[in-house]
Amino acid sequence: MGSYFKEEIETLPRDELDIVVDERIRYTVKYAYENSPFYRKWFDKTDVSPFDVREHEDLRELPIISGGVIREKQPPETDEFEFKSTSWENVFTIHETSGTSGVPKSFFLTWNDWKIYAEKYARAFVSQNFGSGDRVVVCASYGMNVGANTMTLAAQKIGMTIIPEGKCTFPVRIIKNYKPTAIVGSVFKLLRLARRMESQGSKPPESSIQRLIAGGESFSEESRSYLEEVWDVPVYNTYGSTEGTMCGECIKKAGLHVPEDLVHLDIYNPQLENFVNDGDCGRIVLTTLLPSGNKTGNLLINYDTDDTTAVVTRDKCKCGRTHMRILNPQRESETLWVGGFPFNRVDVEQGVFHRDNMDYLTGEYEAFLYGDEDETTLRIRMECEDPENCDQDMVENNFIKTFLKYKPGLQQAHIDGTFNMLFDFTESEALEFYRIKGRPKRLVDRR
Ligand SMILES: [Zn+2]
């Protein structure tokens, strides 16, 4: 048991929590009908009435909203932003998120939305033992994305100090001078920061840092535990998005808690037709939950996040929280298929970060898939501290063993010779993604 940001709601018994969720779903759907041009039009042209949606199962009556739908319902495609659900006077900030297509989706937040986003982050921070006196370097971007800004507001609610760097390339003196207790960043940026500190003669485990928050992209358990080893502190996962997910791991690290009273997650099958059972992997489809009487700037019901996960459990956690926990989400766009069998970028990462490999590798990698229907080759390129003295056979064997472990289909294809793996060991900064601007694309389909 630890402390809570809002104990009563975070520890609400399951049956009472389910009642809150269904109440808020009813209010949210009614609000959507009354305030969102998209939902008003949709209800008016179908037989479904907003009052037919009584509980979360009824959300299946409503359409699933992909990023593409949002782009089709905003200028220049339409005259107005059809998902904007309040008047301009109530809009506090405007955001844009770019998906894989690169066309930004517009997003509108009221001040009340800000407070709710901040509360979700505050709950996660407190569940990770943050409190007054903590000093946190935020390496997430302060641009049109909403995460870094609302984390900063969360800090104010808890009494923490924020050092708003916005990226992980800040000078090492920031750590020496201000003695921060935590850093929010991505796994790879936190690993790079550790290498930079070491090259300047300071050892990460001897720094003031007591915990790290990894977010912004999915990662494997192997890379997390390596990051924990490098810094000698716990690393907690936070999964957030402009659309308002914000789930966080508590100190028990047994799945990410979903703030169920504020955001409703359904896990759908790949065809997006029905929910999957708890424990089964599926697509995360999210619905903002509005407390009765609240207004929101942008309302999404059944929003397809393009991410996949599984519900770990809806039972009470050892931390005392009753809100459900999900597995570390993965990006659907980072899943590739070979001869009918899928693998994700995270599976590749798992093979790279095999503990014994890390005596030689930096962890930086990229992988390319080549081939045709008859034969496919995955080329894995890994950065080495010193390629000349790297035990390449061992690294390759560890990779193949780990990567194929739970993939019988790919394993068979590998034995049959229709799925091959090739390895390159590069010196520092010789990987291709270093020469391309923006977020590194670590798994590229070149078929
Ligand atoms: Zn917990």
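Analyst: A residue counts as buried under 20% relative accessible area, as exposed over 50% and as partly exposed in between, using a 1.4 Å probe and protein chains only. The model is predicted, so local features need pLDDT of at least 70 and side-chain atom pairs count only at pLDDT 80 or more, whereas totals for chains, interfaces and linings use all residues. Residues are numbered from 1 along each chain as its sequence is written, and side-chain values use heavy atoms, with hydrogens and water left out.

V235 belongs to strand β7; strands (E, at least two residues) and helices (H or I, at least four) are DSSP runs numbered from the N terminus. Leaving aside residues up to four places away in sequence, V235 touches L212, A214, R224, L227, E228, E249 and K253, where contact means heavy atoms within 4.5 Å. E217 is 18 residues from V235 along the chain, and 14 Å separates their C-alpha atoms.

M246 has a positive phi, near 50°, in a residue other than glycine; with 2% relative accessibility, M246 counts as buried. K179 also has a positive phi, near 45°, and is likewise not a glycine. K179 sits in the loop between α7 (173-178) and β5 (182-185), and at 46% relative accessibility K179 counts as partly exposed.

A further backbone feature is the cis peptide bond between P75 and P76, with omega at about 5°. The loop between α4 (67-72) and β1 (93-98) contains P76.

The zinc ion has the protein donors C250 (SG), H257 (NE2), C317 (SG) and C319 (SG), at 2.1 to 2.3 Å; donors are N, O and S atoms within 2.8 Å of the metal, or 3.2 Å for Na, K and Ca. The 4 donor atoms subtend angles of 102 to 114° around the zinc ion, which makes the arrangement tetrahedral, a term for four donors with all angles between 85 and 135 degrees. The donor residues follow the spacing C-x6-H-x59-C-x1-C. H257 lies in strand β9 (residues 256-257) and C319 in the loop between β13 (311-313) and β14 (325-326), so this pair ties together parts 62 residues apart in sequence. H257, at 8% relative accessibility, counts as buried, and C319 does so at 3%.

Nonpolar cores are sets of buried Ala, Val, Leu, Ile, Met, Phe, Trp, Tyr and Cys residues joined through side-chain atoms within 4.5 Å. The largest one has 63 residues, among which I65 and F125 touch the most other members. Helix α5 (residues 111-127) supplies the largest share of this core, 7 residues. A second, separate core of 53 residues includes V230, F343, Y365 and A367.

Lastly, helix α11 (residues 392-404) packs against helix α12 (residues 408-416) at an angle of about 135°, with the axes 8 Å apart. That makes α11 oblique to α12, since angles under 35 degrees count as roughly parallel, over 145 as roughly antiparallel, 65 to 115 as roughly perpendicular and the rest as oblique. I400, F403 and L404 of α11 make the contact with L410, Q411 and H414 of α12. The axes are lines fitted to C-alpha atoms over the stretch in contact, and angles run from 0 to 180 degrees between N-to-C directions.

Conventions:
Tetrahedral: all angles 85-135°; square planar, octahedral: opposite > 155°, others 65-115°.
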